[in-house]
Amino acid sequence: MALKDELGRWGETIAGDFLIANGYDVLDRGWRCRHGEIDIVARNGQTVAFVEVKTRRNRRFGHPLEAITPAKFARLRVLAGEWCRVHRVHAGTVRIDAIGIIGDGITVGNLEHRVGVME
Amino acid sequence: MTVGRTQSIALSGLSGHLVDIEADIASGLPALVLIGLPDASLGESKDRVRSAVANSGCAMPPTRVTVNLSPASLPKQGSGFDLAIALAILAGTRDVPAESVASCVHIGELALDGRIRPVAGVLPAVVAAREAGARRIMVPAGNRTEAELVPDIEVIPVASLAHALREHGTDIAVSDVDAIEPPRDSEPLSPTRDLSDIVGQPDVVEALVTAAAGGHHMFLLGPPGAGKTMLAERLVDILPDLDARDALEVTSIASLARLAQMRQLVTRPPFIAPHHTATAVAIVGGGSGVIRPGAVSRASRGVLFLDEAPEFATTVLDALRQPLESGDIVIHRANYSARFPARVQLVLAANPCPCGNAGVADSTCVCTPDRRRRYLARLSGPILDRIDIHVPVSRVSRAHLFDNTSPRMTTAHARERVVAARAMANDRWGRDLPEATELRSGKFRLAPVVVRALDAALDRGAVTMRGYDRVLRIAWTLADCDGSPMPTADHIGRAVYLRQGVHA
């Protein structure tokens, strides 16, 4: 596994732990279909959140959340729909979140959870 | 979350409007959204602000930032909002004391390294800020001298964004940067010309003094080489210095018309001589996007000289009719309009015919009568009717050239006479000229014996009613030039001659 992928996996673990600690139930991790991959699907009460996780070692190339482009965003929308269809989830509110982590694979420097970033 | 606020100035024409700039630092993915009718160069402000902030030791918030320029319906142009936008954002993230930023007006374009570039039109913008009640204004260091021409407002010149943050009370390291200076104005040549250069045309010089004293428009008709351009250039020299109000107006227009820094108030009336290929937009102002002042506005409070007047497009000349009458010009666009001053003294020069030799002794005109007639007919009646003083200028003979005995008026002497005449008129009339009816039948009515010749000309149909009023005005100016309290029959006679000289 490439170094950057290892960091990404680590970041997704950290994000999952963070969500669980904040009262979410993690329903799925790294779910794939032909459109791409959803990092984390988590539920909090009636709300299902599809969470995109971005991890960077430092801010030299900008904040990790800046890497979520409009194209990536559009793909997340499609993926969310796909996931709901496959898992027959219809009830409640559906939401897209983003979590940005700055860390080196061992310690977390900064973690930001943006709730409902869908326009 | 948090909102940062500040203010800047949007110019339309010479008048400025205070623009409120608010930056909302919201949750969401990193983005910078600019709303409130920005044009293309203002839209690019986002990228300049982003780089300048990062290169000034601060960071753009990694969230969604919405910048609103209000009133949202007013179109905003140019790069002068960069500084205000950057500071509003940084006030929103509390990187800089928000109260200090909110209570100050900001003008300036950001360079990518965080330095602040000078912008055009700082002088009218600072004036507008003061009129709107602003107490403090931050301007690019390169525009400092220009901004400081405006009294009663605290001007804070800044060389970089870091410098601006420090001025507002942020504890930030400010490295010494060289302020970006605007392109230097080429030093104006000191006028070596003098009225006494003009030889052998004492009556034309006299007409020039009259025109300067009364602010009358002039028409110089004569063959090539008679010295029409020379005369027009000297007209502006004998005009008195501008008073404080006019100087500010002229300097504001100059500041708006080009990016060059105005180092001091312009105190001499401007002289603008557009080429005869100029378009109507070049003369009256306009342009896409930013409306820019035309020649008639740049010549405001001074002389607009149209050499070879019949060669100008008829539409261009006729476009001048309305500003000549009202003293300003309003340029309309679908969603806004801009007003510029256009109080010019118009000087037209023309040859008598296309070949230039008609009516000149010892030369033959080769133009057909019809061509000759068509040539001058290009100057429409309404334009010529607005011109009070029509002067024939003839070629100078060799005898005149070497005649050193007859006295010639110098510029200094002529200007003294003009100043004295204007002072008399000012004592009598104040700043605003009286209505025509007042001259004809009101307080300033002349004795019947004085105007007898003029009345007779009106009865004969030799002068029109407008012409009658104009002659009275010229007569008053002539009386002022001579220092006599009231026009005499002689002044009326000379006034009739000046008005109709060319056609006589």
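What share of the 119 residues in chain A is buried? Buried residues make up 29% of chain A. A residue is buried if 20 or more other C-beta atoms lie within 10 Å of its own, exposed if 12 or fewer, and partly exposed in between, with C-beta atoms placed from the backbone.

This is a predicted model, in which local features need pLDDT of at least 70, side-chain atom pairs count only at pLDDT 80 or more, and totals for chains, interfaces and linings use all residues. Residues are numbered from 1 along each chain as its sequence is written, while chains are lettered from A and ligands numbered from 1 in the order in which they are written.

**Chain A**

Chain A has two helices and five strands. Their order from the N terminus is α-β-β-β-α-β-β. Helices (H or I, at least four residues) and strands (E, at least two) are DSSP runs, numbered from the N terminus. The C-alpha trace spans about 40 × 30 × 30 Å along its principal axes. The radius of gyration of chain A is 14 Å, which agrees with the value near 14 Å for a compact globule with 119 residues. That radius is taken over C-alpha atoms, and the globule rule is 2.2 Å times the number of residues to the power 0.38.

Two residues are in contact if their C-beta atoms, placed from the backbone, lie within 7 Å. Among contacts in chain A between residues at least 6 apart in sequence, 52% join residues at least 24 apart.

A:V26 sits in strand 1 (residues 25-33) of chain A. A:V26 counts as partly exposed because it has 16 C-beta neighbours inside 10 Å. Leaving out residues up to four places away in sequence, A:V26 touches A:G16, A:L19, A:I20, A:I40 and A:A42. A:V26 and A:V41 are 15 residues apart in sequence, yet 6.0 Å apart in space, C-alpha to C-alpha.

**Between the chains**

Five residues of chain B are in contact with seven residues of chain A. The chain B side of this contact has three nonpolar, two polar and no charged residues. Ala, Val, Leu, Ile, Met, Phe, Trp, Tyr, Cys and Pro count as nonpolar, Asp, Glu, Lys and Arg as charged, and the others, Gly among them, as polar.

Two packed helices are described by the angle between their axes and the distance between the axes. Axes are lines fitted to C-alpha atoms, for helices over the stretch in contact, and angles run from 0 to 180 degrees between N-to-C directions.

| Helix pair of chain B | Axis distance | Angle |
|---|---|---|
| Helix 2 (residues 45-54) and helix 3 (residues 82-92) | within 10 Å | roughly 60° |
| Helix 21 (residues 465-482) and helix 22 (residues 489-500) | 8 Å | about 120° |

Helix 2 of chain B is oblique to helix 3 of chain B. Helix 21 and helix 22 of chain B are also oblique to each other. Angles under 35 degrees count as roughly parallel, over 145 as roughly antiparallel, 65 to 115 as roughly perpendicular and the rest as oblique.

From helix 2 of chain B, B:S45, B:R48, B:V49, B:A52 and B:V53 meet B:D82, B:I85, B:A86 and B:L90 of helix 3. This contact has six nonpolar, one polar and two charged residues.

Helix 21 of chain B contributes B:G467, B:R470, B:V471, B:I474, B:A475, B:L478 and B:A479, which meet residues of helix 22 including B:H491, B:I492 and B:R494. By class, the contact has nine nonpolar, two polar and three charged residues.

**Helix 5 of chain B**

Helix 5 (residues 122-131) of chain B is largely enclosed by the rest of the structure, because eight of its 10 residues are buried. They are B:V122, B:L123, B:P124, B:A125, B:V126, B:V127, B:A128 and B:A129. Just after helix 5, B:G133 takes a positive phi of about 95°.
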